[in-house]
Amino acid sequence: MNVMELEAVARLPVPGDNVAIAARPLAAGLALTHAERQFTLALPVLVGHRFAAQPLAVGDQLLSWGLPFGRATRPIAPGDYVCNAAMLEALADRRLPFTLPSEPNFEDYAAAYTLDEAAFVPGVQVAPYPVPRTFNGYPRAGGRGVGTRNHLVALGLTSRVSGFVRALAAKLTGASADYAHLDPVVAVAHTEGAGAEPLNNRDLLLRALAGFVVHPNVGAVLIVDDGGGQITNADLRAYLRAQGYPLEHVPHVFFETTGQFEADLERAAAQLLAWMPSVGASARQPSSLRHLNLALQCGGSDAFSGVTANPLAGAVARELLRHGGAACLAETTELVGAEAYLLRRVRDVGTIKQFLAFSRRYQDLLAWHGVTGEGNVSGGNRFRGLYNIILKSVGAAAKLDPAVRLDYAVAYAQRMTQPGYYFMDTPGNDLESVAGQVAGGCNLIMFTTGNGSITNFPFVPTIKVMTTTARYQLLEREMDLNAGAYLDGAPLDVLTSAAVDLTVAIASGRPSKGELAGHSQVSIWRNWRQTGPGQAAAVLAVPEPDGAPLPALAHDLVERGFRIPLWRTEHGLAADRVGLILPTSLCAGQVARLAANRLNDLGLGHAQGLSRFVALVHTEGCGSAGHSTGALYHRPLLNYMAHPLVARGLFLEHGCEKTHNDYMRARLAQFGRDAAQYGWASVQLDGGLDAVLAKIEAWFRAALQALPPAEAVLGGLGDLRVGVSSAGDVPPDLAAAFARVVRTLVAAGGTVVLPAGASLLRSPAFVSETFDGAPRPTLAYGQLATPGLHLMDTPSSHWVEALTGLGATGVDLILAAPGAHPAQGHPLVPLGQVGLADGFDLTPAGDPSGWAEQVLALAADVAARRYVPRRLVLRDVDFQLTRGLLGVTV
């Protein structure tokens, strides 16, 4: 029998560990020798997963990096697969080539950390180099630092203007090309600041926005507000001044939209164009590396993150500190269990206390929402060997080099003005965390990844570091550095030297792989609803609605008959035929949008009657958002795939998220749907951006060729499924017109769905003339509707979250009275907006008794594809799943 040394096929992170990490897939029966002991593997072992290297008795601690991550619950022999319950549950959805053990053999365990102030000795920081190295950057006045880039930024103040700033950046694509020292115009669009619920993240949202404004990579900034959010331009201006941000040293304009989208877009574009000559006249100058502040991030982590990529990132940070620079570790929930390592060398006791206070506060926040930090571990993490939060945390802490001292612990988005090594209190979600680090002043991001995360930030370059060579080769076009070379035998100091050189080159202007790919996204620490203990159980105990329609009044109906051309499809009548690309998580969102744009540019599907391709880009699914990562997430998304407007649809995973493709397949099975009718693609597993875009195109080409032809038929109002929504005070005459519209549609046999938070439900003129009895929710958020009148439960008053839920009920179109100005539309479901001023799809004219007929005519024209609502044409659309009452970023 051939016997191999354990080190030939596996890794022990430090000597003395009693479990090993499989460096490649290992077969059952493989004979190994270690520490003068020979043993065989009892089962096949997945790459990155762990097996025992020493015998373990019940109660013995399992060690990696010399720290405990579990305790044996049964005797474990050398060669046994080690597994906990959470890993087995997560991998139950995966399609594996063999069967995993049926029962766990260890339970999670982390040694408690206790601060001993009497024994504390201040740590010593690494010695500085006598002559600091330089990079070529953009010096900024007022203490803003030195930029690694020089962007014009369109900053959306709240989510209400996300569509506007994206349209603005798109309008100015290529406009900066004539200026050698000017980077492209970028949009910063995010999810926060809208709705009527308490803004519990108000302070950190203001800090983040303020930090973006004065960031050294920002050459000039247009701060866009529509005046209707919970944070206004006046609020941000006052905050900047009160907190001493150097606003006067940044070319800026606080810009308020008027509701006239095209005119506002021209004004905004004119301002950005006017800045280009002066901002573009800046030139890079040699600057000390003390002006670099490196954000240290990890995403899509695997078992080798703490062996290769994170130690390499930590070594790069160590070198920057020796040149007088700064580095920032983050992600509070991803350091639970690693305190003994992280806090062994610290500047002072106050920093330790602050770190521990941040950790305790976050644990309390999670408990208020009924979850723990264990929810941070995604399905992709567990699949690639990070069984629990302790293993993930200990590996993540390796971004702090053993020789480096932790100097400061700071709040989310707090400015970092001194050199040294920082910890920032942030969520574990990569993008929410990165946004805080950038707002704090990080002008370069080093992002380690095991699965191959390809996300980027709009105005700060991201250096991607892959953990293994095989994965790097699969995603070489997306990754900047291969830390897997360390596993292959390359010395860490050699890799560090090359990584520092690349870091300096990218800081000096060389494009990162992410910048060359041309996609990025922003997510700021999302709001949460619970502010104390005791509510989670009560919220979870509320039963969901029964789905039965409400009785509606049937008097004074619109008598005009409408004949509406519809499509008879394999799933019934539909108002349109659309190709859908559905990202399963935040990190796949921008790639889905690129794919949809590509297919639209190709004109694909027109011969089969498709009008367009759509990507529903959202911010959920990467990790856990507490109880929102469940029915509030998968029910709406799966119902969009079954939407009458969708002719063919494809799921697109990033590859490392909690809600990966196999997760969606398992949920489809629960819904009784055949996964084979949909397309499936993976940004990571299919080989990166170019490869996955090609795969998506090929799948749709084949699927559309096989698509049964749709028959054009004439339908009526009774064949329509219509959403109805509103915001603000609806004038009584308009409310009465909407009531008559609803009565007419329901009496004709149609479907009408209103969000339970629609302001029309506060209008006596609407309620008394619509419902035969007291209105109550009949549908859960995003639940498919049957014919009749329905109210959909809406856990928030957020306009886009309500539209997102409405669309998932299966409506063909939405009619809305959004208030004084038009609001954002829906990317898939056409939204016809009605108001009493210019700029709406319909401004009713004449006697109010005729308004209902005009609204129904708008609905008929939209359903018949004779009219496309303006916000859809202008691409002022947005899509956002609600997190409900218990959603919180873990």
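**Entry 1: the sheet.** I started with the strand order in this predicted model. I found an open sheet of 5 strands, running β33-β32-β31-β34-β35, with parallel pairing. As a reminder to myself, strands of a sheet pair through backbone hydrogen bonds, either parallel or antiparallel.

Which strands stand at the edges? They are β33 (788-792) and β35 (831-833); each has a single partner strand, so one side of each is left without a neighbour in the sheet. I also noted the twist, which averages 25° from one strand to the next.

Entry 2: Next I looked at β31 (residues 721-726) beside β32 (residues 751-755). The two pair in the parallel sense over 3 bridges. For G723, I traced the bridge partner in β32 to V753.

**Entry 3: helices on the sheet.** I then asked which strands helix α20 touches. Helix α20 (residues 732-747) packs on the sheet and touches β31, β32, β33 and β34 (813-817). The direction of α20 makes about 160° with that of β34. Helix α23 (residues 851-863) packs on the sheet too, touching β34 and β35. For α23, the angle with the direction of β34 is about 145°.

**Entry 4: cysteines.** How many disulfides does the count come to? I got 0 disulfides. C442 is in no disulfide, and the nearest cysteine sulfur, that of C328, lies 4.7 Å away. A disulfide would need the two sulfur atoms within 2.5 Å.

Is C442 buried or exposed? C442 counts as buried, at 0% relative accessibility. I checked C298 as well: its relative accessible area is 2%, so C298 is buried, the cut-off for that being under 20%.

Terms used
Residues numbered from 1 in each chain as written. Predicted model: local features only at pLDDT ≥ 70, side-chain atom pairs only at ≥ 80, totals over all residues. Heavy atoms only, no water. Buried < 20%, exposed > 50% of the residue type's maximum accessible area, 1.4 Å probe, protein only. Pairing = 2+ DSSP bridges. Helix = DSSP H or I, 4+ residues; strand = E, 2+ residues; numbered from the N terminus. Axes fitted to C-alpha atoms, helices over the stretch in contact; angles between N-to-C directions. Contact = heavy atoms within 4.5 Å.
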